[in-house]
Amino acid sequence: MTDAYDALGPEGFGVYEVDWSQPQPSFTRVNRPPKGLLIPGFVDIHIHGAFGIDFMADPASEMQVLCGKLHKVGYEGFLPTTITAPAADVAKALDHLPDDPMILGFHLEGPFISPKFPGAQPPSAIASPPLGPSEWDPIFDDPRLKVVTLAPEVPGAIELTSRLMKRGVVVSMGHTNATFDEARHGFEFGAAHATHTYNAMRGFHHREAGIVGYALTNDALRCELIYDRLHVSREAASLLVKCKPSDRIIAVSDSTMATGMSAGRNIRMWGLDCVVGKKQVRLASNDALAGSAITLYDAFRNLYEDFGAEVAIQACCVNPRTALRLWHVRRWLLLDKKLEIVSSIDA
């Protein structure tokens with residue numbers, strides 16, 4: 001499907017007539033109003049769970065159910081994402097990871113993060129990166145490991161970044177108190193992403209721009225964005241869209257088990273009491289956001305409405321696939337003018 005995917009690249013957005021009569025679809029550009037949108041399936045590189053299912057807590061059978069539910073809302077693939085936890089707990093979750101083509105690997109978020117910006121991550125499990133052999137080695141060396149979120153300023157983070165980068169793992173700076181220079185240092189040693197930009201990181205200040213300033217000004221750094229319109233306002237998202245090249249913004253859901261649950265429900269998640277709201281979930285203790293309660297389909301609709309089709313398609317369908325070096329499209333989605341999924345074509 002490479003040729004078809006290339007046709008829908010950033011230089012190829014437009015109105016096409018699609019011929020599906022052959023195994024490889026052909027695209028002919030036409031000059032008439034579109035009847036809908038044809039897009040590659042969604043790829044979510046940062047998702048903890050959804051529909052009452054949590055990656056860290058539930059067995060393989062439930063993760064298999066999650067794959068099916070995400071497939072129904074347009075997903076082609078995703079990276080189940082850990083939370084800050086001991087190595088034994090992470091290893092147990094990985095043992096429950098089913099062999100399903102929708103699961104593209106996993107994202108290790110924490111525990112090597114800043115205690116100043118834990119977000120909803122359990123502070124008691126935050127740790128420093130190991131400098132020698134450790135119980136984390138099987139996890140670091142797991143071929144399924146695709147992304148690691150860490151704070152580049154913590155002791156040992158640069159050494160771990162270099163180690164992971166050399167074997168092709170994407171290192172992302174997040175839950176971090178990094179200054180502009182510390183973020184630049186992390187990038188120079190291989191940290192090529194920023195995790196949920198703006199959230200759980202040192203903010204911009206006119207005398208010290210911090211990691212947010214670095215993320216906005218380094219064209220080579222890829223930036224995750226949770227666009228539920230709660231984690232990041234439309235104005236802040238607009239700044240990111242204006243500052244970054246179009247191929248450097250990656251929409252993520254940061255979805256939790258709360259996604260799909262009814263508002264007003266009280267749940268226990270990651271050892272914390274949380275309250276589910278409308279398309280959101282918050283800590284009961286302080287009303288802070290605790291991950292999200294949206295899918296990438298929701299993020300796509302928000303981005304489309306606020307920034308247009310090209311931004312939405314790039315951020316949700318093209319850029320995450322490129323970041324994971326997925327050169328083929330395995331699923332196409334046909335959306336009508338109301339952005340409802342009409343049908344899908346699995347290649």
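1. Helix H5 covers residues 157-166, and its buried residues are Ala 157, Ile 158, Leu 160, Thr 161, Ser 162 and Leu 164. Here, buried means under 20% relative accessible area, exposed means over 50%, and partly exposed lies in between (1.4 Å probe, protein chains only). Helices (H or I, at least four residues) and strands (E, at least two) are DSSP runs, numbered from the N terminus.

2. The model is predicted: local features need pLDDT of at least 70, side-chain atom pairs count only at pLDDT 80 or more, and totals for chains, interfaces and linings use all residues. Residues are numbered from 1 along each chain as its sequence is written, and side-chain values use heavy atoms, with hydrogens and water left out.

3. After H5 comes Gly 168, which has a positive phi, near 90°.

4. How many salt bridges does the structure hold? There are 15 salt bridges, where a salt bridge is a side-chain nitrogen of Lys or Arg within 4 Å of a carboxyl oxygen of Asp or Glu. One of them joins Asp 142 to Arg 144, with the closest N and O atoms 2.8 Å apart. Asp 142 is buried, at a relative accessible area of 11%, whereas Arg 144 is partly exposed at 30% relative accessibility.

5. Another salt bridge pairs Arg 229 with Asp 306, the closest N and O atoms being 2.9 Å apart. This pair links distant parts of the chain, 77 residues apart: Arg 229 lies in the loop between strand E12 (222-226) and helix H8 (234-243), and Asp 306 lies in helix H9 (residues 296-307). Arg 229 is partly exposed, with a relative accessible area of 35%, while Asp 306 is buried at 15%.

6. Asp 306 also meets the side chain of Arg 234 in a salt bridge (3.6 Å, N to O). Arg 234 in helix H8 and Asp 306 in helix H9 are 72 residues apart, so that this pair too links distant parts of the chain. Arg 234 counts as partly exposed, at 44% relative accessibility. Through shared partners, salt bridges join Arg 229, Arg 234, Glu 305 and Asp 306 into one network.
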